[in-house]
Amino acid sequence: MTRYSIAVIPGDGVGMEVVPEGLAAIRRAAEVTGSYSIQTREFPWSCQYYLETGRMMPDDGIDQLSDADAVFLGAVGFPGVADHVSLWGLLLPIRQSFDQYVNLRPIEVLDGIASPLRDKGRAEIDILCIRENTEGEYAGLGGRFHVGRPEESAVQTAMFTRRGVERIARYAFERARERKGRLASATKSNALQYTAVMWDEIVAEVGRDYPDVEVTNYHVDALAARFVTAPESLDVVVGSNLFGDILTDLGGALQGSLGLPASANLNPERRYPSMFEPVHGSAPRRAGQGVANPMAAVWAASLMLDHLGERDAARLVMDGLRHVALHGPRTRDLGGTATTAELGAAIVSSIGAFPEVVSGS
Ligand code: NAD
Ligand code: IPM
Ligand code: MN
């Protein structure tokens, strides 16, 4: 039996509330399959930790995570600590230090949960977003000058490297080849004449190795509209760090709630641990009431099992999630009254209990 060591960072706000439900689903799937066991090590790194220590994580925080088979994270950020301080103190350094250059975000409507798009369901909204996760607009390069003076200025430089664009493009073509063979590349080469033009050229070059994949460049503004007007025309979408960030919250909205979409931060070469989390943040106004939707965390847990090679367990967790999506209960964001813990328990008791549920993938 394989034993996995998972580093758990519950973080802040609803992150702390949904993480236990994701872990409960993984443990239940382990009981059902009997093929693995989970050992967790929890790290209290968060805004609370910052207020107590002046840091989001210790100096050797990245080292402490590096032995784990995977990292499972809730969300980071809470009023009282500036968002750029909390995120650049914890989440973004993990993505960069562990070279988690692929951010995989499936956007899929679950049967039973209505999309706000009239007449669009699972058949129409099934998009795999692949976001570059280590450079681009999030390179973290720039500075503030003459702060507080009339001549105050700020520079934030996007950095795109040939290696960075090529590897995310190749990853996206590979995924498109396994799906419907259609790749949409998010660009903005009409205005961004350096970075986006290079992005388009490299995507086209990589595309020569994938004659079986049909690639289309869309300016990201038009692509955002297409998510709403013709989501069925989209299969795999690849975009830069910022474009991917924005498009995937839009995707979550199309799924019916930000409480649903999940995110895998992958180092495909497995030189470092990968990290799994909901797309959503700490939802401060919803936190502390026990009403957050844990479905994104459970979905992220399934993505983690898939990455660890526990395919059957990953499918069982998704089947449990799909069963609850179809039959309820529901949390408040989806019009129900169930608590986070009640929804988590419903998913756990569905795992392995309904073999007739057919998994989507
Ligand atoms: P958010 O995702 O926290 O919230 C956006 C909306 O979605 C809110 O209406 C919220 O109530 C709702 N929502 C989010 N998660 C939900 C859930 N599980 N169930 C039901 N409803 C849910 O985004 P925000 O308000 O822009 O950010 C809040 C904080 O979270 C900020 O500090 C931000 O920097 C941080 N953040 C962290 C991460 C992360 O750690 N991965 C991601 C996004 C935002
Ligand atoms: C996400 C979040 C983060 C991002 C923030 C919190 C830095 O919005 O994971 O989508 O922009 O990557
Ligand atoms: Mn985001």
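Predicted model: local features only at pLDDT ≥ 70, side-chain atom pairs only at ≥ 80, totals over all residues.
Along the sequence, D212 and A176 are 36 residues apart. In space, their C-alpha atoms are 9.3 Å apart.

## A buried strand residue

A186 belongs to strand β8, which covers residues 182–187. Is A186 buried or exposed? A186 has a relative accessible area of 2%; this is under 20%, so A186 counts as buried. The C-alpha atom of A186 is 4.9 Å from that of G239, although 53 residues separate A186 and G239 along the chain.

## Ligand 1

The shell around ligand 1 holds 20 residues. Those that come nearest are V76, D83, G281, A283 and R286. By type, the shell consists of ten nonpolar, six polar and four charged residues.

Polar contacts to ligand 1 involve both backbone and side-chain atoms of the protein. A polar backbone atom of V76 is 2.8 Å from an oxygen atom of ligand 1. R286 uses its side chain: one of its polar atoms lies 2.8 Å from an oxygen atom of the ligand. At N293, a backbone N or O atom is 2.9 Å from a nitrogen atom of ligand 1. On its own, ligand 1 would expose 810 Å², and the protein buries 72% of that area. The space that ligand 1 takes is the second largest pocket.

## Ligand 2

Which residues are around ligand 2? They are L87, R95, R105, R131, Y138 and D245. Two residues of this shell are nonpolar, none is polar and four are charged. The space taken by ligand 2 is, like that of ligand 1, the second largest pocket.

Three side chains place an N or O atom by an oxygen atom of ligand 2. For R95 the distance is 2.7 Å, and for R131 it is also 2.7 Å. For D245 the distance is 2.9 Å. Taken alone, ligand 2 exposes 320 Å², of which the protein buries 75%.

## Arg131

R131, one of the residues around ligand 2, is part of strand β5 (residues 126–132). Its relative accessibility is 2%, which is under 20%, so R131 is classed as buried.

## Backbone features in loops

The peptide bond from G328 to P329 is cis, and its omega is near 0 degrees. P329 is in the loop between α11 (311–327) and α12 (340–350).

Two residues other than glycine, D119 and R270, have a positive phi. For D119, phi is near 65 degrees. D119 lies in the loop between β4 (102–108) and β5. Its relative accessible area of 71% is over 50%, so D119 counts as exposed. For R270, phi is near 60 degrees, and the residue is in the loop between β11 (262–266) and β12 (274–278).

Key: Residues numbered from 1 in each chain as written. Chains lettered and ligands numbered in written order. Heavy atoms only, no water. Near = heavy atom within 4 Å. Polar contact = N/O pair within 3.5 Å; in protein donor to acceptor, adjacent residues only side chain to side chain. Areas by Shrake-Rupley, 256 points an atom, 1.4 Å probe, with all protein chains shown as cover. 1 Å grid on protein atoms, 1.4 Å probe; cavity = no way out; pocket = protein on both sides within 12 Å on 5 of 7 lines; lining within 4 Å. Sits in = over half its atoms within 2 Å of the grid points. Nonpolar A, V, L, I, M, F, W, Y, C, P; charged D, E, K, R; others polar. Helix = DSSP H or I, 4+ residues; strand = E, 2+ residues; numbered from the N terminus. Buried < 20%, exposed > 50% of the residue type's maximum accessible area, 1.4 Å probe, protein only.
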